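Here is a short report on one protein model and its ligand. Keep the structure in view while reading.

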Amino acid sequence: MSRPNKVVVLNGPNLNLLGTREPEIYGSDTLEMIAERCRQLGDRAGIEVRFLQSNDEGKIVDWIQEAINTTSALVINAAAYTHTSVAIHDALRAYPGFKVELHISNSHLRESFRHVSYVAPAVDAVVAGLGARGYEHVIDLLADWFAQGKL
Ligand code: CA2
């Protein structure tokens with residue numbers, strides 16, 4: 001059976017503030033601008049991109065579980081939960097599709113508490129430090145792989 005042509009992009013706490021503060025770290029795009037560009041890339045490639053954000057760890061766990069049977073790939077910027085959440089780690093371990101950890105900044109160049117990721121050991125790939133454009137690059141690649149039957 002072919003996999004669903006759906007990708008979910010999950011975003012963690014405070015990413016709803018993108019574009020309002022700390023532009024030197026996170027750029028000036030809002031999360032909605034990024035989401036719209038990703039959805040457009042998906043539309044062109046015939047894949048549905050569902051873009052979600054929550055400040056609630058449990059909600060992110062629920063969304064990962066819901067994605068298990070409904071999507072072929074998952075992209076997650078768990079934000080601060082990256083560095084703390086065993087619950088998100090465990091949920092990601094249960095997700096069978098292709099999964100990508102994404103960060104706007106390169107957290108390894110920042111405070112030492114950002115150097116540990118509970119997400120990284122539970123995913124297939126990590127993208128960090130490409131700014132907001134990182135999201136588009138990942139969706140573009142996933143769209144290619146979907147067209148090639150690799151997803
Ligand atoms: O670089 C990333 O994408 C991060 O996941 C962003 C998180 C941070 O905790 C991670 O270490 C790295 C923080 C997201 C908060 O974003 C804000 C944006 C504007 C204003 C305030 C916070």
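## T71 and its loop

T71 sits in the loop that runs between helix 3 and strand 3. Helices (H or I, at least four residues) and strands (E, at least two) are DSSP runs, numbered from the N terminus. T71 counts as buried because its relative accessibility is 6%. Buried means under 20% relative accessible area, exposed over 50%, partly exposed in between (1.4 Å probe, protein chains only).

The T71 side chain has two polar partners listed here. One of its polar atoms lies 2.8 Å from the backbone oxygen of A67. The side chain of Y95 makes a polar contact of 2.7 Å with that of T71. A polar contact is a pair of N or O atoms within 3.5 Å; within protein, one must be able to donate a hydrogen and the other to accept it, and residues adjacent in sequence count only if both atoms are side-chain atoms. Setting aside neighbours within four places in sequence, T71 is in contact (heavy atoms within 4.5 Å) with R3, P4, K6, V8 and Y95.

## Basis of the model

This is a predicted model: local features need pLDDT of at least 70, side-chain atom pairs count only at pLDDT 80 or more, and totals for chains, interfaces and linings use all residues. Residues are numbered from 1 along each chain as its sequence is written, and side-chain values use heavy atoms, with hydrogens and water left out.

## Helix 3

Helix 3 covers residues 57-67, and its buried residues are I60, V61, W63, I64 and A67. Seen down the helix axis, they fall within an arc of 160°, so they line one face of helix 3. The arc is that of the directions from the helix axis to the C-beta atoms.

Their cover includes strand 1 (6-11), strand 2 (48-53), strand 3 (73-77) and helix 4 (86-94). D56 caps the N-terminal end of helix 3. Its side-chain oxygen lies 2.8 Å from the backbone nitrogen of G58.

## Ligand site

The ligand is surrounded by 16 residues, where near means a heavy atom within 4 Å. The closest are N77, H83, H103, I104 and S105.

An N or O atom in the N77 side chain is 2.8 Å from a ligand oxygen. For a polar side-chain atom of R114, the distance is 2.9 Å. A polar backbone atom of A80 lies 3.4 Å from a ligand oxygen.
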